[in-house]
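Please open the model in your viewer and keep the selection panel at hand. The stops below follow one another, each with something to select and a description of what is there.

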Amino acid sequence: MHDELMAILPGLRRFAFSLTGSMSDADDLLQNTVERLLSRERPADADLLKWAFRVCRNLWIDECRARKVRQQAATQPELAEGQWVDGERAARSQLEWFQVDAAMATLTEDQRQLIALVAMQGMSYDEVAEILAVPKGTVMSRLARARAALAGALGKAGVRS
Amino acid sequence: MQINEEMLSAFLDGELPPAEMAAIRQQLQSDVALADRLAELAAVDERVRRRYAAIDERPLPESVKRLLSAERQGAKGHVVPLAPSSWRTRLQRPISYAVAAALVVGFGLGQMFDRTAPTEPSNWTVIAGALETAVSGERVPLSSGTQLLPRLVFINSSGEFCRQYQLQQTGEIHEQIACRRGSDPAHWQPVASVQVMGGVDADRYQLASGAQLLDAVLDQMIVGDLITPAQERRLRESNWSMAGD
């Protein structure tokens, strides 16, 4: 399983980052996810990729319930912004990152997950429906609303890198 | 056909039935507003992808590496020595950081990881020759129309000098590691390679999962500190005969 896990790790990590909005929280979530994946028996019919994303998402939902981090970040974008302490910001367009973070913070948790799985990971609607345990039609309609909301938020911000 | 946002979004993902995909493609040719809206939605995806790929540049947490390393040892029944993290620390210094960040491939293209020698023997003589004399960070054109960019020099657990470098040839990019063995002219032997594809615009690049695979190999191989530029110069001048100090 090691090699398989290594292969999906970068995607899983970006997914964790998109859910948490903070690199350090993302790495904590990644660690918990990997721990869980290694300690549990993989469901017989489960594809590692889908199982891993489902585990990651469920852990994050549990974490949200416990901490209500996301609500805080959404209502206080500057708080989420303050969590980026990584050096690479200096070399990147901080404004661009800030705008995308702020736009993502306007989405609901469901919408953010859809954007992360489809737009970032390139998963099919069937795969996403399975991971999120919702009908395919729901994936399609929620995703369209999420994209429209992001386009609106980013369009208002105006500046592009 | 009336095309709503939901259809346009699904069109972007290639998730509509073939007839609807074709109908929208047709309409896009004449409907400027529709094409603009599609471009807007596609741009959103691209910006989100780029933003969250930024975490690739942050080293994988030691805790996660330990988990994976323990898993591998358990599975294969042998001990893989853990490399000190000093090379990574060094990579985070300004100049070397650019080296780490340069381990990129075009988004969405497949990577292949291959621990066997990926390079044709005839080319290898040329590459091995360049590895003997090339300076890390400086691109070297090779006679076969390929380019070599050495990145790092380190010592492996067998005490051999190894180099990590990028090999670029006709649309293909390989990130490879070779180690210097024996004293005959064949010196350098390929050890590992991550094959990636090139030809994507620079602003669309992002870190590849291949970089993580290479990280894992480097973690296993590197013993002690990376060789400094000054040490590397002395090594080249002495035909790699003295130990790094």
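Begin by selecting helix 2 (residues 18–30) and helix 3 of chain B, whose axes come within 6 Å and cross at roughly 110°; helices here are DSSP runs of H or I with at least four residues, strands are runs of E with at least two, and both are numbered from the N terminus. Axes are lines fitted to C-alpha atoms, for helices over the stretch in contact, and the angles run from 0 to 180 degrees between N-to-C directions. Helix 2 of chain B is therefore roughly perpendicular to helix 3 of chain B, on a scale where angles under 35 degrees count as roughly parallel, over 145 as roughly antiparallel, 65 to 115 as roughly perpendicular and the rest as oblique. From helix 2 of chain B, show B:Gln27, B:Leu28 and B:Ser30, which make the contact with B:Val32, B:Leu34, B:Ala35 and B:Leu38 of helix 3 of chain B; contact means heavy atoms within 4.5 Å.

A note on the model belongs here: it is predicted, local features need pLDDT of at least 70, side-chain atom pairs count only at pLDDT 80 or more, and totals for chains, interfaces and linings use all residues. Residues are numbered from 1 along each chain as its sequence is written, chains are lettered from A and ligands numbered from 1 in the order in which they are written, and side-chain values use heavy atoms, with hydrogens and water left out.

Where do the two helices meet? Select B:Glu5, B:Leu8, B:Phe11 and B:Leu12 in helix 1 of chain B, which meet residues of helix 3 of chain B including B:Leu34, B:Leu38 and B:Leu41.

Next, select B:Arg51 and B:Tyr52, where the charged end of the arginine sits over the tyrosine ring, 5.8 Å from its centre (the criterion being NZ of Lys or CZ of Arg within 6 Å of the ring centre and within 35 degrees of the ring normal).

Move on to B:Phe161, B:Trp188 and B:Trp240, which form one aromatic cluster. Over all chains, the structure holds 4 aromatic pairs, a pair being rings of Phe, Tyr and Trp (its six-membered ring) with centres within 6.5 Å, counted as stacked if the planes are under 30 degrees apart, edge-to-face if over 60 and tilted for the rest. B:Trp188 and B:Trp240 form an edge-to-face pair, 5.0 Å centre to centre with 90° between the planes. B:Trp188 lies in strand 7 (residues 188–197) of chain B and B:Trp240 in the segment after helix 9 (229–237) of chain B, so the pair ties together parts that are 52 residues apart in sequence. B:Trp188 is buried at a relative accessible area of 0%, and B:Trp240 is buried at 4%, where buried means under 20%, exposed over 50% and partly exposed in between (1.4 Å probe, protein chains only).

Finally, turn to chain A, which has 10 helices and 0 strands. Select A:Val139 in helix 10 (residues 136–157) of chain A, a buried residue with a relative accessible area of 1%. Leaving aside neighbours within four places in sequence, A:Val139 is in contact with A:Leu114, A:Tyr125, A:Val128, A:Ala129 and A:Val134.
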